Number of protein chains: 2
Amino acid sequence: MGNMTEQAADVLSRHCPSQGVLEMVTGKWSVLVLYALRAGTLRYSELEQAVDGISQKMLTQTLRDLERNGLVARTAYPVVPPRTEYRLTDLGASLEGIVTDLGRWAQNNMGAVLVARQDYDGRRGGQAQAR
Amino acid sequence: MGNMTEQAADVLSRHCPSQGVLEMVTGKWSVLVLYALRAGTLRYSELEQAVDGISQKMLTQTLRDLERNGLVARTAYPVVPPRTEYRLTDLGASLEGIVTDLGRWAQNNMGAVLVARQDYDGRRGGQAQAR
DNA sequence: CCGTATCCGCTGCGATACTG
DNA sequence: CAGTATCGCAGCGGATACGG
């Protein structure tokens, strides 16, 4: 099955629900939380440490979002002090490979990207360049 | 880049530049444009058609960003009417596999995600649910 | 310990109009 | 055809304070 010149029902199609699925990856923190959870089950506080720089608000919000999308399972133990654990669901685990590849790509190629940026900004002749 | 006192010098570390690299993927349109450009060299108007629903502003902005990051090459031919072509650089092409996997994952699993959302929202007992 | 609530600046993104 | 300019707003995301 080869020919894919017809790509009507594709991710690129506006009304395809897969767009909404991709929006899970957009957002500053989602990928990083998934990346951290590859290690296995983690408590809230452990995630907070693992994903360096994330605020409580964004950690909670990202986790709720991932939970809603069925990628992460939340288990709260009614003890004092509270204990809550998060782990990837099967669905979430099916993304592990991609998340890992993405992380590896980022680390392997950040150098090249940084150089490209300097090059691009440089060609612009030292004008004030935001971002 | 030298400072990696611990094994913790990976994507999850706050000061790791790979975070900035990951931000290329965040954003609603970047992945879709990359996805479209897997097909080969495309003109501006072809991209506009391919990535359904994107506005001129966001297409231009996304392309500039990808160009700045060294993932996309832009070639403008000084003819009338103007003709501008975009293609993946080698660096951009090195992301092809991941982008393809991501697209395939989205299409294969959007059903499961949709179900998970309904399930999650349903358990909340019909309360007003944003997003 | 694991959250929720609130205030608020910033910017991503869309809509629209204009140009070489 | 391939952009740029401008406006406007919703929502992301940070800081801080509070609650079970």
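**Figure 1. Asn69(B) in the loop between H4 and S2 of chain B.** In this predicted model, Asn69(B) occupies the loop that links H4 to S2 of chain B. The residue has a relative accessible area of 2% and is therefore classed as buried, the cut-off being under 20%. Its contacts, not counting residues up to four places away in sequence, involve both chains: Val113(A), Ala116(A) and Arg117(A) on one side, and Met24(B) and Leu91(B) on the other.

**Figure 2. The interface of chain B and chain A.** Contacts join 55 residues of chain B to 54 residues of chain A. The two chains bury about 5,200 Å² between them, and carbon and sulfur atoms account for 66% of that area. Of the area that chain B buries against chain A, 16% is supplied by Leu12(B), Arg68(B) and Trp105(B), more than by any other three residues. Polar contacts also cross the interface, with 15 residue pairs found where both partners have pLDDT 80 or more. On the side of chain B that touches chain A, two or more residues come from each of helix H1 (18–22), helix H2 (30–37), helix H4 (56–68) and helix H6 (96–123). H6(B) gives the largest share of that side, 16 residues. By residue class, the side of chain B that touches chain A divides into 28 nonpolar, 13 polar and 14 charged residues.

**Figure 3. Salt bridges between chain B and chain A.** The count between the two chains is four salt bridges, whereas the count over all chains comes to ten. Arg14(B) has 48% relative accessibility and so counts as partly exposed. Asp52(A) is likewise partly exposed, with a relative accessible area of 26%.

**Figure 4. Val33(B) and the largest nonpolar core.** The largest nonpolar core has 71 residues, of which Trp105(A), Val33(B), Leu47(B) and Trp105(B) touch the most other members. Not counting residues up to four places away in sequence, Val33(B) touches Leu47(B), Val51(B), Ile54(B), Leu59(B), Thr62(B), Leu63(B) and Leu66(B).

**Figure 5. The fold of chain A.** The secondary structure of chain A comprises six helices and three strands. Along the sequence these elements follow the pattern α-α-β-α-α-β-β-α-α. Chain A has 131 residues, and buried residues make up 42% of them. Among contacts in chain A with a separation of 6 or more, 42% join residues 24 or more positions apart.

**Figure 6. The cis peptide bonds at Pro81(A) and Pro81(B).** Most peptide bonds are trans. In chain A, the bond from Val80(A) to Pro81(A) is cis, with omega near -5°. Pro81(A) is placed in the loop between strand S2 (72–77) and strand S3 (83–88) of chain A. In chain B, the bond from Val80(B) to Pro81(B) is cis, with omega near -5°. Pro81(B) lies in the loop between strand S2 (72–77) and strand S3 (83–88) of chain B.

**Figure 7. The salt bridges of Arg83(A) with Glu85(A) and of Arg83(B) with Glu85(B).** In chain A, the side chains of Arg83(A) and Glu85(A) meet at 3.3 Å, N to O. Arg83(A) is partly exposed, with a relative accessible area of 31%, whereas Glu85(A), at 18% relative accessibility, counts as buried. In chain B, the side chains of Arg83(B) and Glu85(B) meet at 3.2 Å, N to O. Arg83(B) counts as partly exposed at 32% relative accessibility, while Glu85(B) is buried, with a relative accessible area of 18%.

Conventions
Residues numbered from 1 in each chain as written. Chains lettered and ligands numbered in written order. Predicted model: local features only at pLDDT ≥ 70, side-chain atom pairs only at ≥ 80, totals over all residues. Heavy atoms only, no water. Contact = heavy atoms within 4.5 Å. Buried area = accessible area lost by both parts, 1.4 Å probe. Polar contact = N/O pair within 3.5 Å; in protein donor to acceptor, adjacent residues only side chain to side chain. Helix = DSSP H or I, 4+ residues; strand = E, 2+ residues; numbered from the N terminus. Nonpolar A, V, L, I, M, F, W, Y, C, P; charged D, E, K, R; others polar. Core = buried A, V, L, I, M, F, W, Y, C linked by side-chain atoms within 4.5 Å. Buried < 20%, exposed > 50% of the residue type's maximum accessible area, 1.4 Å probe, protein only.
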